[in-house]
Amino acid sequence: MTRGQIEDRSGELGDLYARTSGGGPWAWNQARSAFLRRLAADLRRPGFELVIAESTELTGCAYGFPVRGDGPWWEGFDGHLPGSLLRTAASGRLFAVSVILVPPRVRSQNQDRPWNLARRLQKRLLTDHGAALGVMLVRRSDSRTTEALRSWG
């Protein structure tokens, strides 16, 4: 999607985030607003890309941006970075997947299937960018997301 299309559909994207992020309706407005602020900030990053899935309504999306070997994306990262990861970043072929939004059942069922919506969104995002490698920062305590990402390779 282009920046203009994303801005035009920000309300729908915010609603999708609220529906898929968990919690009850009382938490949706706060979660929706925080998501839209992050999206607006990420939208300004060079190489930003967002893909969507829809039928009669928006059902999923994923977005991210290329990561260079130096720059603000690495600030605050306290883990070990393999040299190959830094070389891939320096070559411009490392892509940070910021968000994959899909219904909760999609995140937990059929993760290893090629037709899984979250997996297809991630693959499309990386393929469209021509990335050699994709990365996603995940909290250590988020074992479900880590498990899903590992099942996709």
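Guide: Gladly! Let's start with a pair in this predicted model: the side chains of Asp15 and Arg32 meet in a salt bridge, 2.8 Å from N to O.

Visitor: What makes Asp15 and Arg32 a salt bridge?

Guide: The N to O distance is 2.8 Å, and the cut-off is 4 Å between a side-chain nitrogen of Lys or Arg and a carboxyl oxygen of Asp or Glu, so the label applies. The pair links distant parts of the chain, with Asp15 in helix α2 and Arg32 in helix α3, 17 residues apart.

Visitor: Why is Arg32 called partly exposed?

Guide: Its relative accessibility is 22%. Buried means under 20% and exposed over 50%, so a value in between is partly exposed. Asp15, at 35%, is partly exposed.

Visitor: What joins Arg9, Glu12 and Glu54 into one network?

Guide: Salt bridges that share partners. Arg9 meets Glu12 at 2.9 Å, and Arg9 meets Glu54 at 2.8 Å. Arg9 sits in the loop between α1 and α2, while Glu54 is in strand β1, 45 residues away.

Visitor: Which residues of α6 are buried, and why are they said to be on the same side?

Guide: Leu117, Ala118, Leu121, Gln122, Leu125 and Leu126 are buried. They cover an arc of only 165° around the axis, which puts them on the same side of α6. On the other side, Lys123, Arg124 and Thr127 are exposed.

Notes:
Residues are numbered from 1 along each chain as its sequence is written. This is a predicted model: local features need pLDDT of at least 70, side-chain atom pairs count only at pLDDT 80 or more; totals for chains, interfaces and linings use all residues. Side-chain values use heavy atoms; hydrogens and water are left out. Buried means under 20% relative accessible area, exposed over 50%, partly exposed in between (1.4 Å probe, protein chains only). Helices (H or I, at least four residues) and strands (E, at least two) are DSSP runs, numbered from the N terminus. The arc is that of the directions from the helix axis to the C-beta atoms.
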